Amino acid sequence: MAADDQVEVNAALARALGRLAGGDRDALHSIYENSRARLFGICYRVCNDPSAAEDVLQDVYIKVALTARYFDAARGSALAWLSTIARNSAIDWHRGQKR
């Protein structure tokens, strides 16, 4: 992804997260469309199972819907924030599988 494209995607995600935090549930669709490929890749790399990665990704978007108000663009990019949620969720899933 070109640097300009990444900047545009991050800006769109930040705006959508702001709308979601304000109660606009339709904003979640925009977040999903702009992040699903990258977040699925993160989940798949950790889970190493496409079905599990899909389940984890669904949980990621639920967490995003519930915590969008905590996103702060001054602290980092929207894609980095989403990626952290995806990575941590996948790691939690992986740890749960070891039990």
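Student: Which residues of α4 are buried, and what does that word mean?

Tutor: In α4, the buried residues are Ala-78, Leu-79, Trp-81, Leu-82, Ser-83, Ile-85, Ala-86, Ser-89 and Ala-90, where buried means under 20% relative accessible area, exposed over 50% and partly exposed in between (1.4 Å probe, protein chains only). This is a predicted model, in which local features need pLDDT of at least 70 and side-chain atom pairs count only at pLDDT 80 or more, while totals for chains, interfaces and linings use all residues. Residues are numbered from 1 along each chain as its sequence is written, and side-chain values use heavy atoms, with hydrogens and water left out.

Student: What do the buried residues of α4 pack against?

Tutor: They pack against α1, α2 and α3, and contact here means heavy atoms within 4.5 Å. These names belong to DSSP runs numbered from the N terminus (helices are H or I, at least four residues, and strands are E, at least two).

Student: How do you know how the span of α1 compares with what is expected?

Tutor: Helix α1, residues 3-21, has 19 residues and reaches 27 Å from its first C-alpha to its last, close to the 27 Å expected, a figure that comes from 1.5 Å times one less than the number of residues. For α4, with 21 residues, the reach is 31 Å, close to the 30 Å expected.

Student: Where around α1 do its buried residues fall, and what makes you say so?

Tutor: The buried residues of α1 are Val-9, Asn-10, Ala-12, Leu-13, Ala-16, Leu-17 and Leu-20. Seen down the helix axis, they fall within an arc of 165 degrees (taken from the directions from the axis to the C-beta atoms), so they line one face of the helix. The face turned away from that buried side carries the exposed residues Ala-3, Asp-4, Val-7, Glu-8 and Arg-15.

Student: What is the angle between α1 and α4, and what is their arrangement called?

Tutor: The two helices pack at an angle of about 70 degrees, with their axes 8 Å apart, which makes α1 roughly perpendicular to α4. Angles under 35 degrees count as roughly parallel, over 145 as roughly antiparallel, 65 to 115 as roughly perpendicular and the rest as oblique. In this packing, Gln-6, Asn-10, Leu-13, Ala-14 and Leu-17 in α1 meet Ala-78, Leu-79, Trp-81 and Leu-82 in α4.

Student: Why is the pairing of Asp-24 and Arg-19 called a salt bridge?

Tutor: A salt bridge needs a side-chain nitrogen of Lys or Arg within 4 Å of a carboxyl oxygen of Asp or Glu, and the side chains of Asp-24 and Arg-19 meet at 3.3 Å, N to O, so the pair qualifies. At 29% relative accessibility Asp-24 counts as partly exposed, and Arg-19 counts as partly exposed at 38%.

Student: How many salt bridges does a search of the whole structure find?

Tutor: The search finds 2 salt bridges, and one of them joins the side chains of Arg-36 and Glu-33 at 3.4 Å, N to O. Being 3 residues apart in helix α2, Arg-36 and Glu-33 are separated by about one helical turn.

Student: What makes Asn-48 count as buried or exposed?

Tutor: Asn-48 has 59% relative accessibility, and therefore counts as exposed. This residue lies in the loop between α2 and α3, and Asn-48 has a positive phi of about 55 degrees although it is not a glycine.

Terms used:
Axes fitted to C-alpha atoms, helices over the stretch in contact; angles between N-to-C directions.
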